Amino acid sequence: MSRPIPTPLPDFRQPGVMLRILQLPALLLCADGLLALTAEQPLWRWLQSALALIPGSLLSLALLALASPWLSRRRRGAAWTALIAGASFALCQWRLQDDWPRTWTAAALAMAAAPLLLHYLALRQRALSPALAEARLTALQARIRPHFLFNSLNAAIALIRSRPQRAETVLENLAELFRAQMAAPERLSTLAREIELAKMYLAIESERLGPRLTVSWRIDAPPDVELPPLLLQPLAENAVCHGAERVAGEVEIVISARVASGLLELALDNPLPADAAPTAGSGIALENLRERLALLYDAEASLAAERRGSRYQARVRLPCRTAKPD
């Protein structure tokens with residue numbers, strides 16, 4: 001009878017894992033704060049509890065993050081994780097309070113809590129297994145149905161007689177965008193490819209909106225940075241459908257990319273009509289992107305969108321990683 005394969009340890013260097021581990025001491029502090037209300041000195045008791053929980057938790061996280069690559073290669077990584085947590089709490093209690101009974105109690109409780117946390121993280125990892133995550137990404141990517149399909153076809157039909165070469169270009173761009181949609185969702189793209197697809201889409205929209213549509217590109221990031229497929233094009237589509245095409249006169253869409261603090265930051269700024277609702281521009285496309293980023297990057301990526309006067313800005317931040325050559 002074969003032995004069950006142990007669940008791999010989480011990567012303790014990921015911000016999402018760190019935040020979930022810190023949830024336990026935070027909940028314990030909240031519960032102790034409520035219980036301390038009946039004590040003679042509630043604030044002093046709560047501070048003692050914080051002194052017992054916070055330093056040990058932070059030291060444990062720091063050591064586990066440093067040792068994460070080593071722990072992932074150990075057969076008894078869970079036991080080593082518990083020992084590191086126990087030693088961290090024991091060291092903090094000994095240095096801060098110099099109370100041996102509390103030192104051993106803190107170490108024992110930390111070692112008992114570590115398997116519970118690892119079990120919770122393992123259950124979450126199993127729920128977001130590659131097969132399930134891939135199925136969810138496939139479903140989300142299938143929902144990216146460009147609203148410009150019929151407009152693009154109509155634009156091509158209108159150009160067939162007057163400018164057949166332009167009509168052919170519109171149809172070629174449309175075919176390339178749908179080919180990108182059919183790509184495997186787990187296969188990452190690059191910044192250069194995403195810019196190329198966004199330019200194809202905006203070229204199609206330029207046939208509808210004419211010369212009044214201007215796009216400014218401010219790219220200050222390596223072209224081979226990894227990106228989820230079809231990340232930039234839906235943002236550009238959102239800017240056109242909810243902003244540019246509803247504004248009279250000349251309109252400008254500004255698309256920028258830069259690297260800051262190890263993160264790739266993509267920003268897309270577009271005009272809004274004067275009578276637009278406060279939540280204009282925050283539709284299904286943005287929620288779709290948020291969910292895709294959460295599946296791929298957990299807490300390491302974010303998408304923020306807000307209205308700034310007469311303009312609307314969507315900003316994506318995600319880890320800046322260079323694509324590996326095929």
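With which residue does R311 form a salt bridge, and how far apart are the closest N and O atoms? The partner is D269, and the closest N and O atoms are 2.2 Å apart. A salt bridge here is a side-chain nitrogen of Lys or Arg within 4 Å of a carboxyl oxygen of Asp or Glu. The pair links distant parts of the chain, with R311 in strand β7 and D269 in strand β5, 42 residues apart. D269 is buried, at a relative accessible area of 16%, whereas R311 is partly exposed at 24%. Buried stands for under 20% relative accessible area, exposed for over 50%, and partly exposed for what lies in between, with a 1.4 Å probe and protein chains only.

Before I continue, a word on the source. This is a predicted model, in which local features need pLDDT of at least 70 and side-chain atom pairs count only at pLDDT 80 or more, while totals for chains, interfaces and linings use all residues. Residues are numbered from 1 along each chain as its sequence is written, and side-chain values use heavy atoms, with hydrogens and water left out.

Now the overall picture. The protein chain has 10 helices and 7 strands; these are DSSP runs numbered from the N terminus, helices being H or I of at least four residues and strands E of at least two. Of the 326 residues in the protein chain, 41% are buried. The chain exposes about 18500 Å², and carbon and sulfur atoms supply 61% of that area, by the Shrake-Rupley method with a 1.4 Å probe, where for residues only the protein chains shown count as cover. Among contacts between residues at least 6 apart in sequence, 73% join residues at least 24 apart, a contact being heavy atoms within 4.5 Å.

Let me turn to the strands. Two strands pair if DSSP finds at least two bridges between them. Strand β2, residues 213–220, pairs with β4 in the parallel sense over 8 bridges, and D220 stands opposite R258 in β4. β4 and β5 run antiparallel and are joined by 7 bridges, with A260 opposite L263 in β5. These two strands form a hairpin with 2 residues between them. S261, in the turn, has a positive phi of about 55° and is exposed, at 80% relative accessibility. A further residue other than glycine with a positive phi, near 55°, is L230, in the loop between β3 (226–227) and α9 (232–242). Is L230 buried or exposed? L230 is buried, with a relative accessible area of 2%.

R258 forms a salt bridge with E265, the closest N and O atoms being 3.1 Å apart. R258 is partly exposed at 42%, but E265 is buried at 7%. Both belong to a network of salt bridges that links R258, E265, R315 and R317. Elsewhere, R321 and E300 meet in a salt bridge at 3.4 Å, N to O. R321 lies in the segment after β7 and E300 in the loop between α10 and β6 (302–308), so the pair ties together parts 21 residues apart in sequence. In total, the count comes to 8 salt bridges.

Next, the interior. In soluble globular proteins, nonpolar side chains tend to be buried together. The largest nonpolar core has 47 residues, and those with the most contacts inside it are L235, I253, L266 and V316. A nonpolar core is a set of buried Ala, Val, Leu, Ile, Met, Phe, Trp, Tyr and Cys residues joined through side-chain atoms within 4.5 Å. Among the elements that each supply at least two residues are α6 (149–162), α7 (164–181), β4 and β5. The largest share, 9 residues, comes from α8. Apart from this core lies another, of 11 residues, among them V17, I21, I84 and L118. L43, W44, W46 and L47 form a nonpolar patch with about 440 Å² of accessible area together. Patches are made of residues with over 30% relative accessible area and no salt bridge, like charges being joined within 9 Å and nonpolar side chains (Val, Leu, Ile, Met, Phe, Trp, Tyr) within 5 Å. W44 is found in helix α2, residues 42–72, and is exposed at 52% relative accessibility.
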